[in-house]
Amino acid sequence: YVATQGSDGVSCANATCSTAPGACTNTNSQLTIANGLTCLSAGDTLYIRGGTYAETLNMANMNSGTNFTTGAIMIASYPGETATMLGGSLTFNTGDNKSYIIFDRIDLDFNGTSANFYLGDGNHHIRFANGAIHESDGTNSAGMVAGQAYAIEILNNDVYGAGAPASNCTSPFGCYAFYYTGHDAMFDGNL
């Protein structure tokens with residue numbers, strides 16, 4: 001669990017609950033998503049309590065899942081709440097080789113920055129579903145969602161506030177909501 005009132009001093013063992021999710025409180029939660037990610041193994045879920053988290057996440061320090069059916073790693077807003085990542089990028093660098101990771105009900109608010117959700121080559125089977133991706137000015141990045149990873153899924157999200165006017169765009173690729181050059185991707189149900 002991660003919560004805005006948590007502490008990264010809470011160990012991974014103590015930031016888990018063996019009972020219903022409602023039993024977990026801020027006192028046994030970690031403070032940052034980045035720290036919570038280091039606790040995950042295949043089949044685990046990181047619940048993020050409602051609130052705003054101003055973090056840039058480089059996914060290199062987390063594990064991969066093994067399959068979408070029973071071995072995915074899920075990063076999700078706590079049931080009935082919305083976790084917002086504000087102003088920072090979410091990055092799977094080329095060569096990180098991360099796979100079977102699901103983001104569910106997460107709000108990526110780039111807050112008028114040129115930050116983006118980057119899925120570099122070598123990463124695969126990454127799903128971002130049921131959330132929101134918005135407000136990237138896109139002045140020096142190709143798009144809010146960009147990269148060459150394969151078998152990604154961007155499903156049922158609200159997508160808006162993307163890109164910059166052509167006169168403000170400094171990216172040699174142009175400024176788009178999505179700039180994706182990988183293969184076997186699914187973009188479906190996004191508004």
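Modeller: Let's begin with Asp104, which forms a salt bridge with Arg105; their closest N and O atoms are 2.5 Å apart. Keep in mind that this is a predicted model.

Colleague: How many salt bridges does the structure hold?

Modeller: There are 3. One of them joins the side chains of Arg49 and Glu81, at 2.7 Å from N to O.

Colleague: What makes the pair of Arg49 and Glu81 a tie between parts of the chain?

Modeller: Look at where they sit: Arg49 is in the loop between E1 and strand E2 (51–53), while Glu81 is in the loop between strand E4 (73–77) and strand E5 (83–86). Those parts are 32 residues apart in sequence, so the pair ties them together.

Colleague: How do you know which label Arg49 gets, buried or exposed?

Modeller: Arg49 has 18% relative accessibility, and the buried cut-off is under 20%, so Arg49 counts as buried. Glu81, at 24%, is partly exposed.

Colleague: What about Arg127 and Glu153?

Modeller: Arg127 and Glu153 form a salt bridge too, with closest N and O atoms 2.5 Å apart. Arg127 lies in strand E10 (residues 124–129) and Glu153 in strand E13 (residues 153–155), so this pair links parts 26 residues apart in sequence. Glu153 is buried at 15%, whereas Arg127 is partly exposed at 21%.

Colleague: How do you know that Cys12 and Cys39 are joined by a disulfide?

Modeller: Their S to S distance is 1.9 Å, and the cut-off is 2.5 Å, so the pair qualifies. The structure holds 1 disulfide.

Colleague: Which parts does the pair of Cys12 and Cys39 tie together?

Modeller: Cys12 is in the segment before helix H1 (33–37), and Cys39 is in the loop between H1 and strand E1 (45–48), so parts 27 residues apart in sequence are tied together. The link is left-handed, with -70° about the S-S bond. Cys12 is partly exposed at 31%, and so is Cys39 at 23%.

Colleague: What makes E11 and strand E14 a pair?

Modeller: Pairing needs at least two bridges, and E11 and E14 (residues 158–162) share 4, so they pair, in the parallel sense. Ile133, for instance, has Val159 in E14 as its bridge partner. Strand E8 (residues 106–109) also runs parallel to E11, joined by 3 bridges, and Asp109 stands opposite His134 in E11.

Colleague: And the overall picture?

Modeller: The protein has 1 helix and 16 strands, and buried residues make up 46% of its 191 residues.

Note on methods: Residues are numbered from 1 along each chain as its sequence is written. This is a predicted model: local features need pLDDT of at least 70, side-chain atom pairs count only at pLDDT 80 or more; totals for chains, interfaces and linings use all residues. Side-chain values use heavy atoms; hydrogens and water are left out. Buried means under 20% relative accessible area, exposed over 50%, partly exposed in between (1.4 Å probe, protein chains only). A salt bridge is a side-chain nitrogen of Lys or Arg within 4 Å of a carboxyl oxygen of Asp or Glu.
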